[in-house]
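Welcome! Here is a short tour for someone meeting this structure for the first time.

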Amino acid sequence: MDAKGQRGLGRLLRSFRFAARGFLHTAGTEQNMQLHLAAGGIVFAAAWYLPVDPAHIPLLIFLVGGMLALETMNTAIERTVDLITEDYHPLAKTAKDIAAAAVLIYAVTAAVVGVWVFYEPILQMF
Ligand SMILES: Nc1ncnc2c1ncn2[C@@H]1O[C@H](COP(=O)(O)OP(=O)(O)OP(=O)(O)O)[C@@H](O)[C@H]1O
């Protein structure tokens with residue numbers, strides 16, 4: 001049976017390996033992804049040192065994970081568009097701009113929720 005026809009655990013591990021490669025490619029090539037990773041690290045460090053409500057920690061994990069997942073998908077869309085055309089095309093522009101808009105909408109949402117989570121703990125510091 002070839003690798004594509006694999007079933008069970010072997011197939012699952014193979015999928016994880018490809019996904020890990022995709023993540024490493026995104027983290028290695030996309031400056032925005034590196035910014036999101038740094039921001040995620042700062043969020044978790046702040047949550048560790050500030051008196052953040054423990055009930056809010058899953059929310060932070062969900063927000064940071066969602067941001068990374070969306071940036072990864074944005075990169076996949078950029079690569080796919082580049083595969084179709086490297087010339088200027090209005091549809092290529094629209095597709096990339098829409099994918100970027102999805103990332104922006106999520107980033108603004110995450111920032112708003114982040115302020116909501118950290119507002120009280122930061123006030124308590126003073
Ligand atoms: N083939 C194309 N035709 C028309 N416009 C394009 C094309 N490729 C990119 N663009 C425009 O340039 C913008 C930036 O595209 P690019 O592929 O460089 O992404 P990027 O700046 O690397 O994005 P990110 O910062 O998210 O990685 C797109 O949002 C789009 O408006």
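Helix H1 covers residues 8-29, and its 22 residues should span 32 Å at 1.5 Å a residue; the expected span is 1.5 Å times one less than the number of residues. Its end C-alpha atoms are 32 Å apart, which agrees.

Residues are numbered from 1 along each chain as its sequence is written. This is a predicted model, in which local features need pLDDT of at least 70, side-chain atom pairs count only at pLDDT 80 or more, and totals for chains, interfaces and linings use all residues.

Now for the whole chain. There are 4 helices and 0 strands, where helices (H or I, at least four residues) and strands (E, at least two) are DSSP runs numbered from the N terminus. The radius of gyration is 19 Å, well over the 14 Å that the globule rule gives for 126 residues, so the chain is more spread out than a compact globule. That radius is taken over C-alpha atoms, and the rule is 2.2 Å times the number of residues to the power 0.38.

| Property of the chain | Value |
|---|---|
| Span of the C-alpha trace along its principal axes | about 60 × 45 × 20 Å |
| Residues that count as buried, of 126 residues | 13% |
| Contacts with a separation of 6 or more that join residues 24 or more positions apart | 70% |

Two residues are in contact if their C-beta atoms, placed from the backbone, lie within 7 Å.

Next, the ligand. The residues around it include Glu-30, Asn-32, Tyr-88, His-89 and Lys-93, each with its C-beta atom, placed from the backbone, within 6 Å of the ligand. Helix H3 (57-84) and helix H4 (90-124) each give two or more residues to this shell, and H4 gives the most, with 5 residues. By type, the shell divides into 3 nonpolar, 4 polar and 5 charged residues.

Finally, which residue does UniProt give as "active site"? The unreviewed entry places that feature at Glu-71, though such annotations may be inferred rather than shown by experiment. Glu-71 lies in helix H3 and counts as buried, because it has 24 C-beta neighbours inside 10 Å. Leaving out residues up to four places away in sequence, Glu-71 touches Thr-26, Glu-30, Asn-32, Met-33, His-36 and Val-103.

Technical notes:
Nonpolar A, V, L, I, M, F, W, Y, C, P; charged D, E, K, R; others polar. Buried ≥ 20, exposed ≤ 12 C-beta atoms within 10 Å, placed from the backbone.
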